[in-house]
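I opened the model to look at a sheet, a pair of domains and a chain interface, and I note below what I looked up.

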Amino acid sequence: MRLTGRYLGAFGAAILMLASGGALADYPNRPITFIVPWGAGGGTDAVGRMLATLMERDLGKPVNVMNRTGGNGVVGHAAIVGARPDGYTIGLITSEIGMMHHQGLTRISGASFTPLGLVNIDPAAIQVRADAPYKSLGELLAAVRAQPGKLKASGTGHGGSWHLSLYGLLLEQKIDPSTVPFVPSASNAAGLLDLVADGVQIIPGSHPEARALMEAGKVRSLAIMADKPSALFPQVPTVKQAVGSTWISGVWRGVAAPRKLPRDVEARLRMAVKKAYESQEFQTFMKERGFGSQWMEPEAFAQFMAREDAQLGKLMKTVGLAK
Amino acid sequence: MKLNDGLVGLLLIAFSLVLLVHVSAFPDMPGQNFGPSVLPSLVAVGLILCSLVLIVRALRASPRHPLVEWDAWVTSPRLVFAFLAVIGAVAFYIAFSETLGYLVAAPLSLLVVLRACGVRWIAALALAVLVSLAIHHVFYTLLKVALPWGLLIEYAW
Amino acid sequence: MESIALAFSLVADPYVLGVILASSLFGLFVGAIPGLTATMATALLVPVTFFMPSVPAVAAIVSCTAMAIFSGDIPGALLRMPGTPASAAYTDEAYRMTRKGQAELVLGAGLVFSAIGGLLGTLVLVTAAPALAEVALNFSSFEYFWLVLLGLTCAVFIASDRPLKGFVSLLLGLLLATIGLNNPAAHPRFTFGSDDLLGGISFIPLMVGMFAVSEVLRFVVSTGESRLTLAQERFGNVFAGQWALIRRYPLAIFRGSAVGTAIGALPGAGADIAAWISYAISKRFSKTPEKFGTGHVEGVVESGAANNGALSGAWIPALVFGIPGDSITAIAIGVLYMKGMNPGPAIFLNNPENIYAVFIVFFLANLLMLPLGLLAIRLYKQILRVPRQALMPVILAFCMVGSFAINNTAFDIGVMLVAGVAAFFMERNGFPIAPLILGVVLGSMFEENFATSLIKAEGSWLAFFERPIAGALGVFTILVWLSPFALRILRRPRP
């Protein structure tokens, strides 16, 4: 009888704990650090700060954003991987994680994390000057084929995401990537400026990045490398509609923690990330900023990262960017 | 410590030569006429040219400056110790703030620096603790900078 | 007209005014803490603005940054701890004035001329933003290449009493800027396998180390007189001397604001280059250039105005084309989108009362800067009463935590320490440190635009002069280089 009573008591306590958010009466009991591997003020920083603010409301403890910049994201990603796996350090990881280890910059990859959920994908698109002679992706590619080496592209650093998106499309269209010389730029905005100043002719990049100049009538987007048009500019065709290409490429952001997180802590964080993603505030924020909001459960996120990793690795080897 | 300009020039030339050798191993950017070694090489060449002028000027100067001029403080053991103590205190903080935590490492290093500057023991102790706490409040609590907790992780707020 | 009236009523809302005041105080506070930047203050504000209507949200950003940029000058002048790269141009000059007992004069100058520069810059923003933005769009890497080169040339003017050593210092700065992965080839340089070095040398810890830590070290090994508290001249009123300055340097104030706004409007340049170029211009055209570097207010007046002019100028491409001129406007653009005030030429057509309200906030913030800044100066200068032997260690503690806070890594405190020791020996050997800072600030920009231009030019040097603006800037830069030689030949006594 006494035993049963004890069991019942334990059971009741367990129910209570579940109801109050799992066996985590003591997690979190101090502030959580949320690492953003990119600088304060950028798009990734804004997404990180929004998520942190919303998770803070759910977790009941401060979630403080910490910018760890440098080395094209290597420093910040390594800081998340290297943190103590106690749930008090998490962070936003970005698509660069699938590239940096192919370049020989670091050993970490998407598999070095406990994924907590993907929140955003921004597909690459091809931007040209509004007054450029080519009115469609087909015409642009024809121009590239007709005069190899004449049209130059820019929009990111040497070997950056957009650089690879463009070269992947060219390869898929059986065009030698070296016929479109790539001019490295510090940011997509810097590349777009050079495009408008007539310094380069092609800018691969996302729609939110080109948005203001497109709305100002300075820049035109020819096609987007996704399976459906973007919500921001639905009139821009996909590469499939434009030239029948199946190439899909873009950048993404997701929340992750170090590996070997305690089960209960992981469950609590997964819940908090999902809740933040689904909140009205986050959805409005993403829509206003023009970022593509997209959810993937941690398991799907992990598979997605592995797929991306393989695709990028192959591409980087082909164009000679991998070590 | 003031080195003769000619000596500085020689050191800079030696440094530039090492630099030139080091950057010559940098790879070129595939298919492009600009590589990562261009700017460092330009800097190295510029440094060598400047150093040559420094050396020529130093040789022409009359009266010739000594190779090394020691400052007064170098002869005072107390000041040399103070100088090294400041550097040591910062180095200590860099090395141990993560494991000991800000609230342990900061007052310790601040105490050393205060003493090195000649503040009396009691005042130094009080200042070290109070200033460390005040900085912690401003940076950690108000501005959300993640100062490390280290040993005190259990008592974190 | 109607929309202007509507804009005034939007701003006159007590809630909006309260937000402006609160974020001004916040900006003032964060900016005055050594090691923390205006960008940091703005980033901290962003999550708060998520939950505000559009006008107060943008007003918060505008007033916070204007205050933070000004208050960054206070520790620079009093403690030799510059708050922003832009104020590094005149930190040494201002600190020398403090040591001469003219702390209030130089801080007052910083305050009044920051406000004037900001107001004039805002005037340009309001009246000519669309036209200027179109001009800014003509700047490609060739134009920026020459502009950066012109900025680097300023190092020679700033340190013209010993140009050779200044040039060595500049070259070392350029070399420091090459450390890490952020270069056109994305090749890790001088990293020796360290992840921290992969990220490059952080600018703020370097600057704090070079200016402030070296000063602490100099104090530690000093003896006698210099150890005592700083001399303080009695000043009735911070603003007292400023009217005289306005009358003495009207041209400099106007020139500084104009140059600042123009350079600020170029998305690839910004307040840093503006302040340095203005300081060099001020020295070049001064009637008393020999006084520069000895604690002379003239350069502070002009580059202080340029500094805040550039801040307003940076909003021009941001508002008209959504192109950030610096990290602060990058944040602001995000907030604008969030609040449905999408940047673009249409921002002046759809709901113009919102953008007019933002302009009103600009004027208001720059005016509010005067009383609040005065208050901050009054409070801050009490620091000078603290005995130096207690003050110096406390400064060092702030330097350490501030350097850490930039990127949350103890490695940056190491950068600060090494920079401090290096600057201690450099200054003893007559190598000025300001050119080194300039070299680091402009190094990566120089290389990037150089590389981009070379790649686009396909090896042809002529391409650097082919575009009209680039050609003009290039010829001007080369003339500036040749002018000392030309002057020497002209002045040579005829036999």
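I took two strands as paired if DSSP finds at least two bridges between them, and I took helices (H or I, at least four residues) and strands (E, at least two) as DSSP runs numbered from the N terminus. This is a predicted model, in which local features need pLDDT of at least 70 and side-chain atom pairs count only at pLDDT 80 or more, while totals for chains, interfaces and linings use all residues. Residues are numbered from 1 along each chain as its sequence is written, and chains are lettered from A and ligands numbered from 1 in the order in which they are written.

**Sheet.** I looked up strand β3 (residues 89–94) of chain A and found that it pairs with strand β8 (residues 250–258) of chain A in the antiparallel sense, over 4 bridges. Within that pairing, Leu92(A) has Val255(A) as its bridge partner in β8(A). I then traced the open sheet of 6 strands in chain A, whose order is β2-β1-β3-β8-β4-β9 with mixed pairing. Because β2 (63–67) and β9 (293–296) of chain A each have a single partner strand, they stand at the edges with one side left without a neighbour in the sheet.

**Domains.** I noted that chain A is divided into domain 1 (27–121 + 251–318) and domain 2 (125–243), with bounds that come from an automatic or database domain assignment. Their centres, taken over C-alpha atoms, are separated by 27 Å.

**Interface.** Counting contacts (C-beta atoms, placed from the backbone, within 7 Å), I found 47 residues of chain C in contact with 46 residues of chain A. On the chain C side, α17(C) gives the most, with 6 residues.

Terms used: Contact = placed C-beta atoms within 7 Å.
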